Amino acid sequence: MNLRDDARELQGELAVLRRALHREPEIGLHLPRTQEKVLAALDGLPLEISTGSSLSSVTAVLRGGAAPGGPVVLLRGDMDALPVTERTGAEFASRIAGAMHACGHDLHTAGLVGAARLLADRRESLAGDVVFMFQPGEEGWDGAGHMVQEGVLDAAGRPVDAAYGLHVSSSSYPTGVFASRPGPLMAASAGLHVRVVGAGGHGSRPHDSLDPIQAACEMVTALQTMVTRRFDVFDPVVVTVGTFHAGTRRNIIPDDASFEATVRTFSPAAAERVAEVSVRLCRDIATAHGLTAEVDFVPEYPVTVNHAGEHDFLADTVREAFGEERYEQLTDPITGSEDFSRILDRVPGAFVFLGADATGDPETAPTNHSPLAAFDDAVLSDGAALLAELAVRRLDRLVEEAQGARTT
């Protein structure tokens, strides 16, 4: 049987694993129960397994038998959940208060286990080694960066030659459809943290105080004007204020007010400029009102960029293995961010979305990160099969390219 047929045979087991992960979501870099489940699922496979020292990662290396010392392909699945209280009502809903796999990382983890099992069965014919990267802390914790520091890109004893990752979506794409694009796929992210410091007093006598709330509100509005007037519409910038905190009672002017914003960009030039302009803007508004502003601009993840040749290889693989109708090339990048960008900054590769809508209408379905987000685990076998196909075909091509270079 081919990889897709073999993956279908694993579907039931992968769904059981996915639902077990979903019931016990963990947040951040330390996921002991998740790590335990992954290690149990990999037990008995011919893998060289190591775990992280600063995070609950799992790195597994499969040595191919057809070309010892040959090329290396990395496959990644992130494992962490979100601080969201689930409201899906599913039988396997989260049992952990305030935590939910609202972004589908439970499917990523189970799917990567499936890919490991599929490739382990083909170990002797593999034209190189495969690194399976089970990663904590994608949701704002830079788990990929931590794993790079701990050596995941050299886990096979030599550098990774190509890397691939997959992300399910509870909306936007029909179930089972893969979607990606060459070049920038997802935005860079950064955090803007602002504390406006004034002088508190009685709400009935604002002239005797320095009101930080009014100045902070002006900053929030001015940041939106900044986006539309200081940046090229064809190199987009998104600034969204997600938190605003000030005061204790309606008749008290507080000493300070604070807010935080997420900033998304698609080019290094825009990222550098928005860091400079937003900080200066907030400080200048505070100064104009006789206050001070403590402003920090914190870069998080870089732009996720699909290497053109690797995107084309991935798209061709989907079309050949699953059919033309199963691949959709996106016109525009996504304003979400991904720390798989850390890998693609260092290694040629590509990232792809997989529609996993469980409602039957992806246009109206709750989105990733929603407490109502529902993912159809029927896509697990195809996700596992695609990751395995990418590894097999890319290893073969890398060997062919190396042989061609030697003959010329």
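Trainee: How many bridges join strand 3 to strand 4, and how do these strands run?

Mentor: Strands of a sheet pair through backbone hydrogen bonds, either parallel or antiparallel. In this predicted model, strand 3 (residues 72–78) and strand 4 (residues 129–135) run parallel, joined by seven bridges. Valine 73 has valine 130 of strand 4 as its bridge partner. Strands are DSSP runs of E with at least two residues, helices are runs of H or I with at least four, and both are numbered from the N terminus; two strands pair if DSSP finds at least two bridges between them.

Mentor: Residues are numbered from 1 along each chain as its sequence is written, and side-chain values use heavy atoms, without hydrogens and water. As the model is predicted, local features need pLDDT of at least 70 and side-chain atom pairs count only at pLDDT 80 or more, while totals for chains, interfaces and linings use all residues.

Trainee: What is the strand order of the open sheet of eight strands, and which strands stand at its edges?

Mentor: The order is 1-2-4-3-5-16-6-15, with mixed pairing. Strand 1 (47–51) and strand 15 (327–329) each have a single partner strand, so one side of each is left without a neighbour in the sheet. Neighbouring strands are turned by 20 degrees against each other on average, direction ignored. Helix 7 (residues 308–322) lies across strand 5, strand 6 (178–180), strand 15 and strand 16 (349–355), at about 150 degrees to strand 15. Contact means heavy atoms within 4.5 Å; angles, from 0 to 180 degrees, are taken between N-to-C directions of lines fitted to C-alpha atoms, for helices over the stretch in contact.

Trainee: What lines the largest cavity?

Mentor: A cavity is a set of points, on a 1 Å grid over the protein atoms alone, where a 1.4 Å probe fits but cannot get out; lining residues have an atom within 4 Å of a point. The lining here has 13 residues, with Leu107, His108, Gly111, Leu166 and Gly383 nearest the centre. Helix 3 (105–120), strand 5 (162–169) and helix 9 (380–407) each give two or more residues to this lining.

Note on methods: 1 Å grid on protein atoms, 1.4 Å probe; cavity = no way out; pocket = protein on both sides within 12 Å on 5 of 7 lines; lining within 4 Å.
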